[in-house]
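Below is a short briefing on one protein structure. Please look at the sequence and the structure first, then read the points grouped by topic.

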Amino acid sequence: MKQLYPFDESCNLTLSISYKKDIVCNSTQNVHMKNVGKFPKSYLKMELRKGLEMIYTYYIDLSENIEVDDLDEGFRKLKQDLIQAKK
């Protein structure tokens, strides 16, 4: 992310990013979802916090493994939503 966007180390907000790729579910409860191809292959989660207070959460299931474009899209959505919330 630091290659995509400049971040200010003195900012009092923390952006946490987590993801998982190549998700495999061994549960028999989801067998119908796996059979029709609707089971996600990866996910992306971004959380923006001020101290312990949650400011914003972004989460998306992806049908393919996560790529840089997915990070870029998620960050743009985060920025857009925060700008809209200020209005």
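Tyrosine 5 and phenylalanine 75 are both buried in this predicted model, where buried means under 20% relative accessible area, exposed over 50% and partly exposed in between (1.4 Å probe, protein chains only). The model is a prediction, in which local features need pLDDT of at least 70, side-chain atom pairs count only at pLDDT 80 or more, and totals for chains, interfaces and linings use all residues. Residues are numbered from 1 along each chain as its sequence is written, and side-chain values use heavy atoms, with hydrogens and water left out.

**Aromatic pairs**

- The structure contains 3 aromatic pairs; rings of Phe, Tyr and Trp (its six-membered ring) pair if their centres lie within 6.5 Å, and planes under 30 degrees apart count as stacked, over 60 as edge-to-face and the rest as tilted.
- The pair of tyrosine 5 and phenylalanine 75 is tilted, because the ring centres are 4.1 Å apart and the planes are at 40 degrees.
- This pair links distant parts of the chain, with tyrosine 5 in the segment before E1 and phenylalanine 75 in helix H2, 70 residues apart.
- Tyrosine 43 and tyrosine 59 form a stacked pair, at 5.5 Å centre to centre and 25 degrees between the planes.
- Tyrosine 43 belongs to strand E2 (residues 42-50) and tyrosine 59 to strand E3 (residues 53-62), 16 residues apart.
- Tyrosine 43 is partly exposed, with a relative accessible area of 22%, and tyrosine 59 is also partly exposed, at 46%.
- Ring pairs join Tyr5, Phe7 and Phe75 into a cluster.

**Chain layout**

- The protein chain has 2 helices and 3 strands; helices (H or I, at least four residues) and strands (E, at least two) are DSSP runs, numbered from the N terminus.
- Along the sequence, the pattern is β-α-β-β-α.
- Of the 87 residues in the protein chain, 18% are buried.

**Nonpolar core and contacts**

- The largest nonpolar core has 11 residues, among them Tyr5, Leu48, Leu71 and Phe75; such a core is a set of buried Ala, Val, Leu, Ile, Met, Phe, Trp, Tyr and Cys residues joined through side-chain atoms within 4.5 Å.
- E2, E3 and H2 are the elements that give two or more residues to this core.
- Not counting residues up to four places away in sequence, phenylalanine 75 touches Met1, Tyr5, Phe7, Leu15 and Met46, where contact means heavy atoms within 4.5 Å.
- Leucine 71 lies in helix H2 and is buried, with a relative accessible area of 18%.
- Apart from neighbours within four places in sequence, leucine 71 is in contact with Met1, Ile17, Leu44 and Met46.
- Leucine 71 and isoleucine 17 are 54 residues apart in sequence, and 9.0 Å apart in space from C-alpha to C-alpha.

**Largest pocket**

- The largest pocket has a volume of about 640 Å³; a pocket is an open set of points, on a 1 Å grid over the protein atoms alone, where a 1.4 Å probe fits, with protein on both sides within 12 Å along at least five of seven lines, and lining residues have an atom within 4 Å of a point. Grid points are joined across faces, edges and corners, and the volume is the space filled by probe spheres set on the points.
- Among the 20 residues lining the largest pocket, Phe7, Cys11, Leu13, Leu48 and Phe75 are the closest to its centre.
- Strand E1 (13-20) and helix H2 (68-86) are the elements that give two or more residues to this lining, and H2 gives the most, with 6 residues.
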